[in-house]
Amino acid sequence: MLDLLSSFIGELRTVGLPVSTSETVDAARALESIDVADQSLFRAALCATLVKSGDHMSAFDAAFDVFFATRWVHDDLSSRTGNDAATALETPSPDGASPSPQRSGREFAEQLLGALRDRNVRALRVGAAEAVARYAGIEPGRPVGGAYYLYRTIRQLELDEMERRLIELSLDGASDAMSERLARDDAHARIEEFTSLVETEIRERLVDDRGAAAMAQSVRETLPEDIDVMHANREEMAQLERTLRPLSRKLAVRLARRRRHRHRGPLDLRRTVHSSLSTGGVPIDVRFKPPRPAKPEIVVIADVSGSVASFARFTLHLVHAISSQFSQVRSFVFVDGLDEVTHLFAETDDPAEAVERISAEADVVAVDGHSDYGRALSTFVERHASELTRRTTVLILGDARNNYHPAQAHVLERVRAAVKAVYWLNPEPRSYWNSGDSILNLYAPHCDDVLECRTLRQLEAFVGGLN
Amino acid sequence: MSALDPRDELAQRLGLSEVPPVRFASPDDLRRRLAEHDYLSSAAISSVTFLADRLAKPVLVEGPAGTGKTALAKAVAESLGARLIRLQCYEGLDESKALYEWNYRKQLLRIQAGRPEGSAEVWAELEEDIFSEEFLLARPLLEAITATDPVVLLIDEVDRVELETEALLLEILSEYQVSIPELGTLHARQIPMVFLTSNNTRELSEALKRRCLYLHVGYPDVDRERDIIMSRVPGIATALAEQIAHVVRTLRMMDLKKSPSVSETLDWARTLVILGREEIGEDVVAETLHILLKYQTDIEKATREIFGRVS
């Protein structure tokens with residue numbers, strides 16, 4: 001057991017969960033003092049001792065399922081032979097989802113639909129097993145991930161069609177918009193539930209086939225804060241969006257607190273003298289003025305051309321979400337033309353919506369729609385140089401891939417001379433910089449710092465340090 | 001060599017004459033007893049709370065506002081017939097409000113009352129006297145440690161205190177003791193159950209998290225939410241409770257500034273019962289949406305998405 005536990009913890013650490021030694025000891029002791037045959041208690045014991053953040057739950061779940069789940073299911077079934085779980089498998093039950101291989105796919109689909117409608121969990125579980133047996137076509141030893149088999153199964157089950165029919169069934173003639181919406185969400189939730197059952201089934205079969213360690217590797221999920229913004233798939237993108245809101249709130253709280261507590265202000269002579277009167281003129285209590293919060297002005301200049309658009313969206317979103325922590329935030333976006341988008345954020349209090357509108361409304365293409373940093377920067381200086389002050393911090397977001405246009409680095413030099421600091425955030429890995437048409441090295445001398453910024457973790461660290 | 005049971009070990013360290021028995025026989029027992037006090041727990045909640053008792057460790061409960069984190073501690077206290085000692089955290093909370101404070105007025109009185117002819121011997125006695133437990137004002141944490149009757153300690157919204165203040169809690173959470181320089185170390189006289197809640201407005205320190213079991217409480221699923229409504233809103237029809245749970249789920253699936261919490265769901269359910277509604281139609285939802293959603297932009301967005309029209 002201890003070996004299994006330590007390889008499980010090894011897996012969690014590989015994913016990036018910060019599991020300390022004392023937490024490992026806690027987990028082991030927790031397992032010692034409970035009945036490990038109780039699966040849900042076993043899971044809770046590991047989860048409560050090893051995972052200390054809500055964002056890490058799904059990574060834990062994925063790893064746990066691979067390492068432990070199969071063992072329980074098999075024990076469960078064999079130990080309960082003769083009672084309901086086993087009968088559901090062997091004889092046609094009133095649930096209506098008995099797996100007899102002679103049935104046609106259509107019959108099976110009908111029964112599955114019935115089970116979905118009644119939310120009969122046991123029948124659904126059996127249905128998931130049958131669906132995988134029928135459609136996944138799992139080939140032993142073939143090193144593909146579960147996603148491939150899941151896709152095959154889902155497609156042949158025609159779950160979209162099933163979802164549509166579920167909606168019809170539950171609507172039952174009602175036609176107002178609200179009932180429709182509720183029915184749609186309900187059907188969707190049921191299908192999702194079933195899909196995750198299918199996923200579990202596939203995973204269990206694969207673990208049996210290939211072993212836990214190999215399987216863990218192929219289902220490994222990236223933690224939300226470590227997802228590479230440039231290469232995120234749709235699901236990861238959605239996860240990032242979800243993480244972004246609480247993250248920006250946290251960041252705002254932290255910045256505000258730091259401003260308040262960082263250091264005391266200058267000596268307050270009047271109050272010091274006043275308080276010294278009670279000690280016979282000896283200034284025992286030295287009083288200080290409260291610190292004056294120095295809120296920086298931020299100017300964001302973001303490349304929104306296709307290659308780095310998603311990164312720019314996130315950064316703009318984050319900066320504006322915490323804009324109360326800066327005295328002013330102005331945003332400019334460019335491809336080869338430049339446009340100010342600050343007003344989009346001012347018009348709505350939902351940064352996500354503003355970011356959506358940027359792509360529709362901002363006028364960023366002047367010539368051919370290929371990024372031209374030189375042109376964009378000189379446009380910026382022409383129009384806005386007079387508005388830059390010593391309190392301004394300029395953030396430039398982009399990969400510095402200039403499509404072989406002239407760099408015009410001297411323009412950036414002018415900007416740097418006028419402001420407090422210039423930072424360049426590049427969403428590309430450091431090793432790609434200055435290769436091909438990337439000319440970051442021409443701009444870098446005029447920046448206070450050039451940072452690789454590919455994940456929320458890096459972005460948060462950078463924005464948190466702004467002052 | 002087999003390690004000592006966590007409860008045995010802690011009891012030994014605290015110098016208790018006997019190991020206090022575990023309070024709950026199993027997660028199911030816990031769930032049943034909480035249900036008697038109208039708290040419907042999920043499998044995760046009952047398992048982790050059970051473990052907290054079994055392992056004698058504090059629980060850090062984290063999750064969105066209004067999902068029953070504080071209610072959990074209250075329900076556990078009620079089901080045990082224990083006194084709930086609550087420390088509400090806020091920015092600027094310090095030792096003298098959380099742990100203990102010397103009652104200096106009383107100390108002064110004592111000094112003035114008994115000052116005969118100012119000899120050194122008397123002073124030593126006096127010093128020992130004024131720094132005794134009699135002159136100590138117990139704040140919630142010390143109170144929980146020194147209590148002899150059964151108590152449940154709730155440290156509410158721990159994410160509101162500054163990172164530095166968190167350190168105040170560490171000794172209690174890991175050792176169940178409080179050190180007072182003038183007096184020595186006070187050990188707990190029992191193994192109290194300790195709950196910490198956090199709305200996750202900032203990252204808590206590793207040190208704090210390490211000492212606790214972690215429980216994430218999210219929004220309940222449709223079935224549990226329906227059951228919660230049924231148990232908390234007397235006289236509500238099952239069908240109505242079910243519909244309410246569905247509407248709330250749909251709202252939570254939208255990208256809103258603030259999703260409706262369980263307590264807001266309950267408020268809504270009560271309103272509908274008072275209005276004498278048997279089922280939910282579009283008109284009722286439109287009229288009472290402001291009970292569930294607290295931002296105008298959210299209300300507009302929800303109206304647009306649910307009814308497909310502008311409010």
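Me: Domain bounds come from an automatic or database domain assignment. Which domains does chain A get?

Reply: Chain A has domain 1 (2-222), domain 2 (236-262 + 294-464) and domain 3 (267-291). The centres of domain 2 of chain A and domain 3 of chain A, taken over C-alpha atoms, are separated by 45 Å.

Me: What should I know about the model and its numbering before going on?

Reply: This is a predicted model, in which local features need pLDDT of at least 70 and side-chain atom pairs count only at pLDDT 80 or more, while totals for chains, interfaces and linings use all residues. Residues are numbered from 1 along each chain as its sequence is written, and chains are lettered from A and ligands numbered from 1 in the order in which they are written.

Me: How do I read the confidence, and what is the mean pLDDT of chain B?

Reply: pLDDT is the predictor's confidence in each residue, from 0 to 100. Where it is low, the predicted coordinates should not be read in detail. Chain B has a mean pLDDT of 87, with 95% of its residues at 70 or more. For the complex, the predictor gives an ipTM of 0.86 and a pTM of 0.77.

Me: What radius of gyration does chain B have, against a compact globule?

Reply: The radius of gyration is taken over C-alpha atoms, and the globule rule is 2.2 Å times the number of residues to the power 0.38. A compact globule of 311 residues would come out near 19 Å, but chain B has 25 Å. Along the principal axes, the C-alpha atoms of chain B fill a box of roughly 85 × 50 × 35 Å.

Me: How is chain B divided into domains?

Reply: Chain B has domain 1 (6-91 + 139-216), domain 2 (100-138) and domain 3 (222-299). The C-alpha centres of domain 1 of chain B and domain 3 of chain B are 31 Å apart. For contacts, the test is C-beta atoms, placed from the backbone, within 7 Å. Eight residues of domain 1 of chain B are in contact with 10 residues of domain 3 of chain B.

Me: Where does chain B touch chain A, and how many residues take part?

Reply: The contact takes 35 residues from chain B and 34 residues from chain A. On the chain B side, α3, α10 (206-210), β9 (213-216), α12 (238-253), α14 (282-292) and α15 (296-307) each supply at least two residues. The largest share, seven residues, comes from α3(B). To class residues, take Ala, Val, Leu, Ile, Met, Phe, Trp, Tyr, Cys and Pro as nonpolar, Asp, Glu, Lys and Arg as charged, and the others, Gly among them, as polar. The side of chain B that touches chain A then divides into 16 nonpolar, eight polar and 11 charged residues.

Me: What span should helix α3 of chain B have?

Reply: The expected span is 1.5 Å times one less than the number of residues. Helix α3 (residues 43-55) of chain B has 13 residues and should span 18 Å; its end C-alpha atoms are 18 Å apart, which agrees. This helix is mostly covered, with 10 of its 13 residues buried, among them B:Ile45, B:Val48, B:Phe50 and B:Arg54. Just after α3(B), B:Ala56 takes a positive phi of about 55 degrees.

Me: Which loop holds A:Asn403, and is A:Asn403 buried or exposed?

Reply: A:Asn403 sits in the loop between β4 (392-397) and α18 (409-418) of chain A. A:Asn403 counts as exposed because it has 12 C-beta neighbours inside 10 Å. Its phi is positive, about 50 degrees, although A:Asn403 is not a glycine.

Me: What about A:Asn434?

Reply: A:Asn434 lies in the loop between β5 (421-426) and α19 (440-443) of chain A. With 14 C-beta neighbours inside 10 Å, A:Asn434 counts as partly exposed. A:Asn434 has a positive phi of about 65 degrees although it is not a glycine.

Methods
Two residues are in contact if their C-beta atoms, placed from the backbone, lie within 7 Å. Helices (H or I, at least four residues) and strands (E, at least two) are DSSP runs, numbered from the N terminus. A residue is buried if 20 or more other C-beta atoms lie within 10 Å of its own, exposed if 12 or fewer, and partly exposed in between; C-beta atoms are placed from the backbone.
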